[in-house]
Amino acid sequence: MSDPLPPRSASGPAGTGPAMPVSARVAVGVLTGLAVLLLLSAVVTVSAWDAVVDALVEGRSGSSRSGAEQAVRVNLAQSVVFGLATAVAAVFLARGRSWARWTGLAATAALGLVTLVGIVLAGGLAVTSQLVLVLCVAAVASLLTRTTAAWTRSGPRSRAAR
């Protein structure tokens with residue numbers, strides 16, 4: 001009877017270079033989680049547009065419906081832009097592209113900063129904002145590790161040049 005799983009080696013599949021380090025796997029996972037969270041939030045916002053706008057009007061005394069709609073549009077655009085950026089970064093980071101590491105780093109750092117500014121302006125911390133901040137910190141930390149940087153430098157383009 002043969003062993004169902006081949007033994008793991010220090011390199012990936014035959015001739016593809018080193019295996020993805022844990023830090024890169026964490027980065028891909030966190031970027032994917034952020035993408036899912038943000039894009040799902042955008043879908044829910046679009047599907048329940050009137051309820052979201054109404055809740056915002058009721059939550060802010062003295063705010064107009066047009067002002068609430070504008071705030072929801074900005075939030076929706078933010079979710080879509082950062083969701084797509086983190087999704088693209090996750091997909092291509094998993095393929096070892098160094099530009100995807102930098103894209104993920106820029107997107108998560110900017111998203112974390114925007115979230116912090118929103119928390120300060122709102123004067124409170126929502127559970128979703130806290131989750132986004134924790135995921136942004138985890139992504140930035142994983143993307144900045146030496147192992148992730150070294151692994152993306154030895155990506156497909158680098159290996160083809162050898």
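Five helices, α1 (22-47), α2 (49-59), α3 (65-93), α4 (98-122) and α5 (127-143), each give at least two residues to the lining of the largest pocket. Helices here are DSSP runs of H or I with at least four residues, strands are runs of E with at least two, and both are numbered from the N terminus.

A word on the source. This is a predicted model, in which local features need pLDDT of at least 70 and side-chain atom pairs count only at pLDDT 80 or more, while totals for chains, interfaces and linings use all residues. Residues are numbered from 1 along each chain as its sequence is written, and side-chain values use heavy atoms, with hydrogens and water left out.

Back to the pocket. Rolling a probe the size of a water molecule over the atoms shows where empty space is left. On a 1 Å grid over the protein atoms alone, a pocket is an open set of points where a 1.4 Å probe fits, with protein on both sides within 12 Å along at least five of seven lines, and lining residues have an atom within 4 Å of a point. The volume of the largest pocket is about 980 Å³, a volume being the space filled by probe spheres set on the points, which are joined across faces, edges and corners.

Which residues lie nearest the centre of the largest pocket? They are Asn-75, Gln-78, Gly-118, Thr-128 and Ser-129, out of 26 lining residues. Helix α4 supplies the largest share of that lining, seven residues. By class, the lining has 15 nonpolar, 10 polar and one charged residues. Ala, Val, Leu, Ile, Met, Phe, Trp, Tyr, Cys and Pro count as nonpolar, Asp, Glu, Lys and Arg as charged, and the others, Gly among them, as polar.

Now the chain as a whole. It has seven helices and zero strands. Of its 162 residues, 31% count as buried; buried means under 20% relative accessible area, exposed over 50%, and partly exposed in between, with a 1.4 Å probe and protein chains only. Among contacts (heavy atoms within 4.5 Å) between residues at least 6 apart in sequence, 66% join residues at least 24 apart.

Next, helix α5. Its 17 residues reach 24 Å from first C-alpha to last, close to the 24 Å expected at 1.5 Å a residue; the expected span is 1.5 Å times one less than the number of residues. Its buried residues include Ser-129, Val-132 and Ser-142. Among the elements covering the buried residues of α5 are α1, α3, α4 and α6 (146-153).

Take Val-132, in helix α5. Is Val-132 buried or exposed? Val-132 counts as buried because its relative accessibility is 9%. Beyond neighbours within four places in sequence, Val-132 contacts Leu-34, Leu-37, Leu-111 and Thr-115. Val-132 and Gly-33 are 99 residues apart in sequence, with their C-alphas 9.7 Å apart in space.

Last, helix α6, where Thr-148 sits. Thr-148 has a relative accessible area of 0%, so it is buried. Its side chain makes a polar contact of 2.6 Å with the side chain of Ser-23. A polar contact is a pair of N or O atoms within 3.5 Å; within protein, one must be able to donate a hydrogen and the other to accept it, and residues adjacent in sequence count only if both atoms are side-chain atoms. The side chain of Thr-148 also reaches the backbone oxygen of Ser-142 at 2.9 Å.
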